[in-house]
Amino acid sequence: MPKVKRSRKPPPEGWELIEPTLDELDAKMREAETDPHEGKRKVEALWPIFRLHHQRSRYIYDLFYRRKAISRELYDYCLKENIADKNLIAKWKKQGYENLCCLRCIQARDTNFGTNCICRVPKSKLEAGKIVECIHCGCRGCSG
Amino acid sequence: MATAKGANTYNRQNWEDSEFPILCQTCLGDNPYLRMMKEKYGKECKICARPFTVFRWCPGARMRFKKTEVCQTCSKIKNVCQTCLLDLEYGLPVQVRDAALKIQDNMPKSDVNKEYYQQNMEKEMSINEGVNPAGALGKAMAPSDMLLKLARTTPYYKRNRPHICSFWVKGECKRGEECPYRHDKPTDPDDPLADQNIKDRFYGMNDPVADKLMNRYSSMPKLDPPEDRSISTLYVGGLGEKIGEKELKDYFYQFGEIRSINVVSKQQCAFVQFTSRSSAETAAEKSFNKLILNGRRLNIKWGKSQGQQGQDKEEDKEDEKNLEPVPGLPGALPQPPEELSNNFFNLGGAPPMHHPMHHMRHPMPPRGPPHMMPMFIRGPPPPGVRLPPPPPGMMPLRPPPGVMPRGQVPQMHYPSQDPNRMGASSQQNG
């Protein structure tokens, strides 16, 4: 089924240019949602979801802020329809958080000692050669 | 029973609450900056099954997170770390420590008995507020030689390593580099150390690690007293140049009266002979593999019987010290005639010290111990005079005129006679 629209108004111009990409991403997301959990860790099963979510938001963000390829109207439309995550994009505008993987990794309330996730540690500060995959989203380092 | 609601809450086994865990140094890890999580009533104690405050921390980089396994009451009863269940002082399993201290702690292990015991212990401890462990251990605290030898001196962080990655053992570990578990060969299931049980380890029964340690201890070098009851001489080896008769005398006199000390500097050894066999045994026990003088560990062994000793030292008679009479003792007997003086080893003729001894070549064995007794009685003043121990500090150094054999300056026979030593009453009324 095609994605259900939240507003009754038709999407603004430029929508047809981005629609195919968004459809692909939606398809991938559906695939990730229906994937069986065999052979994966419990947390690992959720990683593709976060990754695709990040990817989708990134696409819209890049189009508007970096490449300036869509109008503000279209951008706002995407945010309203929850195609892109507005909270995540809000973080990307801050210095140091430009490549933030997901919002869970900076949530201090979720951790035992009130810290950020391990993926937020810059690679220079992390002892050399240590591979980390954070448990929330499988990120390998989003700030270093 | 612990959670039964009822009228008698006064007799209920309470859930445990604590502020800080009881842990050993190895479990805490090497990092002085430690972040620990506390969870009230997080888990059941593995021994008494009561909910207790669980503490969880990371003992260092690449270590697994450790948490307290048994409650504080249980750990205080046995004086063990809450996580590793090893003794807090020595780091040894409960079984080894109890065997060394000869404690037979009969803690009840089952059901209501156990809960009752726990309850009473907890009450006692809350009243006592003492640092000493409750129960049998509190009463027997003499430090044991065996424990000191077996105990670890440095922390052993290999205990804190992560567990073996079971996926890797099967060849299926997909995590690869970032896998926090150990990619090592798993322990051999045939190894007796592989089946350990927390209850066994805690109560001190059937502990394979303890068995291994005790086997190792019994195969450690030990010095047995020789069967020949007359031997009261210790061989002291590894002297070096610095250690001489004086140092040996200063050390060994604490075990008992020294009959003689013979230093063989050529072979870096000495023979210390005691007057009584028991003092020799005490000295051997306390010094074997333990004595360190001037930074060198001395090799202590039993010497041979008197006669044989004399034969061995034929070439070294120059060094044999004849015993001078102890100066300053009351009632010193007059010197015996020359042919009898200082003749412990039944050697023919004992000329004064500064003359080289040439006569000691007689075959010794047949005239061993049996001849000691007459020698002893007729012997020169030192043995006879030494029997009443000289009162420390009371050293009137009045050399009786006829006694000092060669008119020499009174020599220090005991360290306590040294007037410069602390406690000696100093006078030189000559």
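B:Lys38 belongs to strand S1 of chain B, residues 36-44; helices (H or I, at least four residues) and strands (E, at least two) are DSSP runs, numbered from the N terminus. With a relative accessibility of 39%, B:Lys38 is partly exposed, where buried means under 20% relative accessible area, exposed over 50%, and partly exposed in between (1.4 Å probe, protein chains only).

## Basis of the model

The model is predicted; local features need pLDDT of at least 70, side-chain atom pairs count only at pLDDT 80 or more, and totals for chains, interfaces and linings use all residues. Residues are numbered from 1 along each chain as its sequence is written, chains are lettered from A and ligands numbered from 1 in the order in which they are written, and side-chain values use heavy atoms, with hydrogens and water left out.

## Chain B overall

Chain B contains 14 helices and 9 strands. Of its 430 residues, 43% are buried. Among the contacts of chain B that join residues at least 6 apart in sequence, 64% are between residues at least 24 apart.

The accessible surface of chain B is about 24400 Å², and carbon and sulfur atoms account for 53% of that area. Accessible areas come from the Shrake-Rupley method with a 1.4 Å probe; for residues, only the protein chains shown count as cover.

## Surroundings of B:Gln95

B:Gln95 is part of helix H3 of chain B, residues 94-101. The relative accessible area of B:Gln95 is 16%, so this residue counts as buried. Beyond its neighbours within four places in sequence, B:Gln95 is in contact with B:Gly204, B:Met205, B:Asn206, B:Asp207, B:Ala210, B:Asp211 and B:Met214.

## Pockets

Rolling a probe the size of a water molecule over the atoms shows where empty space is left. Here a pocket is an open set of points on a 1 Å grid over the protein atoms alone, where a 1.4 Å probe fits, with protein on both sides within 12 Å along at least five of seven lines; lining residues have an atom within 4 Å of a point. Grid points are joined across faces, edges and corners, and a volume is the space filled by probe spheres set on the points. The largest pocket has a volume of about 2200 Å³. Its lining comprises 46 residues, and those closest to the centre are A:Ile118, A:Lys130, B:Cys58, B:Phe65 and B:Pro180. By class, 21 lining residues are nonpolar, 11 polar and 14 charged; Ala, Val, Leu, Ile, Met, Phe, Trp, Tyr, Cys and Pro count as nonpolar, Asp, Glu, Lys and Arg as charged, and the others, Gly among them, as polar.

The second largest pocket has a volume of about 1600 Å³. It is lined by 37 residues, with B:Tyr156, B:Lys158, B:Arg159, B:Gln196 and B:Val209 nearest its centre. Strand S3 (66-67), helix H8 (198-203) and helix H9 (208-218) of chain B each supply at least two residues of this lining. The largest share, 4 residues, comes from H9(B). The lining of the second largest pocket is made up of 15 nonpolar, 5 polar and 17 charged residues.

## Salt bridges

Side chains of opposite charge can pair when their charged atoms come close. Over all chains, the structure holds 18 salt bridges, each defined as a side-chain nitrogen of Lys or Arg within 4 Å of a carboxyl oxygen of Asp or Glu. One of them joins A:Glu133 and A:Arg140 at 2.5 Å, N to O; A:Glu133 is buried at 18% relative accessibility. In chain B, the closest N and O atoms of the salt bridge between B:Arg97 and B:Asp98 are 3.3 Å apart, and both residues are buried.

B:Arg277 and B:Glu281 form a salt bridge at 2.8 Å, N to O. Both lie in helix H11 of chain B (residues 277-287), 4 residues apart, about one turn of the helix. B:Arg277 is buried at a relative accessible area of 9%, whereas B:Glu281 is partly exposed at 23%. A network of salt bridges links A:Arg41, B:Arg175 and B:Glu178.

## Helix H3 of chain A

In helix H3 of chain A (residues 72-80), the buried residues are A:Leu74, A:Tyr75, A:Tyr77, A:Cys78 and A:Leu79. Their cover includes helix H1 (15-34), helix H2 (47-66) and helix H4 (86-92) of chain A. Just after H3(A), A:Asn82 has a positive phi of about 60 degrees.

Key
Contact = heavy atoms within 4.5 Å.
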